[in-house]
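Student: Hi, could you walk me through how some of the helices pack in this one?
Tutor: Happy to, let's look at it together.

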Amino acid sequence: MADPTSQSNYLLIATRHLSLEWTLDFLTRTVRGTAVYELEVKGNDVAEVILDTADLVIDSIHVDEDSVAFTLGAKHTVMGSALHIPFPCPATKGASVKLTIEYETTTDCTALQWLDKEQTQGGKFPFLFSQCQPIYARSLVPIQDTPSVKFTYNARVTAALPTLMSAILISPPSTGPPHDGRKIGQDQVTYVFQQPVPIPSYLLAVASGNLRYRPLPVPKGKDWTSGVWAEEELVDAAEWEFKEDTTKFLEAEEKITMPYRFGVYDLLVLPPSFPYGGMENACVTFVTPTLLTGDRTLVDVVVHEITHSWFGNGVTHADACHFWLNEGWTTYVERLLQQILQTPAHRGFSFLIGSKMLYDDLKLYESRPSYQRLQIAFEYGENPDDAYSSVPYEKGANFLLHVERTLGGLDVFLPYVKNYVQTFMGKSITTQQWKDHLYAYYREHGTGDNVEALDSLDWDAWLYGEGLTLPVPVEYDVTLALQSNLLAERWDKARTATDLHELFKASDLQELNANQIVVFLERLQSYPALPKLHISFLGSTYSFATTPNAEIRLRFYQVALLDPQSDAARQYAVDAAAWVVGEETPKGSGGEGRKGVIKGRMKFCRPIFRALHTVDAELARGTYRRHKLAFHPIARNLIEKVRTGGAFIIKH
């Protein structure tokens, strides 16, 4: 079955290599240039190639050396316009076709966000970054925009600011002077990139801004390098946050899978409008600045993105219906690393934190139960972003944990994990292919008991089941949550008290790290809403109302807004609205405290706007509309589709 989100004819002819020649124009906010394709014919007598596009201006097309006419189909709301390119004569199976397209993007490009200098950390230069997952590469370049097609690429990108792509930077070298020693923001420099490992289109990425580089220490004997990129004002903080753990995580991952293939593993800290925690672009993971907490407590996001190097970038889902194979496997292995590098309690603690998000999202999709499934049967042209939630991550990881335990534990399952990666590395697969391989492995390498264990799994309930709970209860090690739960219980029991100074002190949190504080606040949400006095004391005594840690601030506002009709909710709704769009009074130094910096990560802005709407619909709508263009196009699309009580929060 073909990818339901692509109009391309990739089953008949597929891209094998792409060469890009781009100019980044910050004045017109466009990318213009040339794309050259090496196409492999897979069918018989193929008369045309069809590429996915969205809001592109096509100037000319050549097949081999011949100029050809082309047709842009009617624009589909989700899939864009199919670009039909006829061949001078039908191509035979096994033949190679060269295709050259001159084109430029438009200001409607969903994949790109162009930021004014005021929207950046440093406030000195503009910034550009891309987000092509799941189906937005087609707005950046004409492409077969499906994870079923993987290709190598090279690029030459000319820009007035330091530039990165999801490839190895050949020149100027990352360790050389910024912008090759030329004047940043004025002089044009051509950056040369090479990506020798085939990748799917959603891993195409570009970023350009006032960037600086810091190398990270690499273990002896490794043939890959690692470093961190960020705006000049943040690069030292970013280096400190990530230098302790990044390459250690990468080395540990190699031991349970196979050697890292991409040659370079860099991190790029983006401005705050980046809509995700991280994006696993090949060679350079994009991450949110909300990870820079100064205590390294949120670096597990980096573990997740590193793990994608094998699960997603290596073994890839065939199409959006099987997206859980990327995220479920990645989340499962990320938490496995927590056990290997720390303790089993840390693994269980991560599952516990994730379970709150899972059950919240299952509830959110109660009116769209098909999005509660692991394997979603998307209709042709349905937007996969409509189903974006923690379900493929958390339900998928819990399923794999259940498989592990059903088979007899890690000693039985871990050898399979390595074999799975080695078997499918470089391929794009479906859920059925994974299931068939799982059975085949244990028939060959296991025992009859292993196969019987697999037969005992309720496959349909896990893959296609709907509802607000997992198919079977999954228990976790909750050791690290005990203190958090006890503190939440104390607050619940003190709800009628009036002299809170005698009951609670700032030192209550002395033995809790940031993740345990998150669990404490989430546990509070399981009780009835606290009185306004208590919420105010909670926010001031523990500094939750002013903390720069966005994970903690989000949970504090969720506690404060728990009862939409309460005085506390009405008061803190104003504060939450100001926080999410960057209108609050600065509370310190750094990008997270600077006035005018939004919280564009969808993990934060979507639930805040949802909660605001239940308290004060006009406040939610007015706040969003005033700051709409500061959010990434993908975030805007999903904020505007958030439902509460069956109604859209923001109408188009």
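Tutor: Keep in mind that this is a predicted model. Let's begin with α7 (residues 410–424) and α8 (residues 431–445), whose axes come within 11 Å and cross at roughly 125°.

Student: What do you call the arrangement of α7 and α8 to each other?
Tutor: With that angle, α7 and α8 are oblique to each other. Their crossing is right-handed.

Student: Which residues of α7 and α8 meet?
Tutor: From α7 there are V412, F413, P415, Y416, N419, Y420, T423 and F424, and they meet Q433, W434, H437, L438, Y441 and Y442 of α8. Sorted by class, that contact has 10 nonpolar and 4 polar residues, with no charged ones.

Student: Okay, now α12 and α14. How do their axes cross?
Tutor: Helix α12 (residues 514–524) and helix α14 (residues 550–560) have axes that come within 9 Å and cross at roughly 10°. Since angles under 35 degrees count as roughly parallel, α12 is therefore roughly parallel to α14.

Student: And is the crossing of α12 and α14 left-handed or right-handed?
Tutor: Left-handed. In α12, A514, I517, V518, L521, E522 and L524 do the meeting, and their partners in α14 are E551, I552, R555, F556 and V559. This contact has 8 nonpolar and 3 charged residues, but no polar ones.

Student: Switching topic: how many cavities of 30 Å³ or more are there?
Tutor: The count is 1, and the largest cavity holds about 50 Å³ of space.

Student: What lines the largest cavity?
Tutor: Its lining includes Y260, F262, E280, C283, E305 and N313.

Methods. Residues numbered from 1 in each chain as written. Predicted model: local features only at pLDDT ≥ 70, side-chain atom pairs only at ≥ 80, totals over all residues. Heavy atoms only, no water. Axes fitted to C-alpha atoms, helices over the stretch in contact; angles between N-to-C directions. Helix = DSSP H or I, 4+ residues; strand = E, 2+ residues; numbered from the N terminus. Parallel < 35°, antiparallel > 145°, perpendicular 65-115°, else oblique. Left-handed = near helix turned anticlockwise from the far one by under 90°. Contact = heavy atoms within 4.5 Å. Nonpolar A, V, L, I, M, F, W, Y, C, P; charged D, E, K, R; others polar. 1 Å grid on protein atoms, 1.4 Å probe; cavity = no way out; pocket = protein on both sides within 12 Å on 5 of 7 lines; lining within 4 Å. Points joined across faces, edges and corners; volume = space filled by probe spheres on them.
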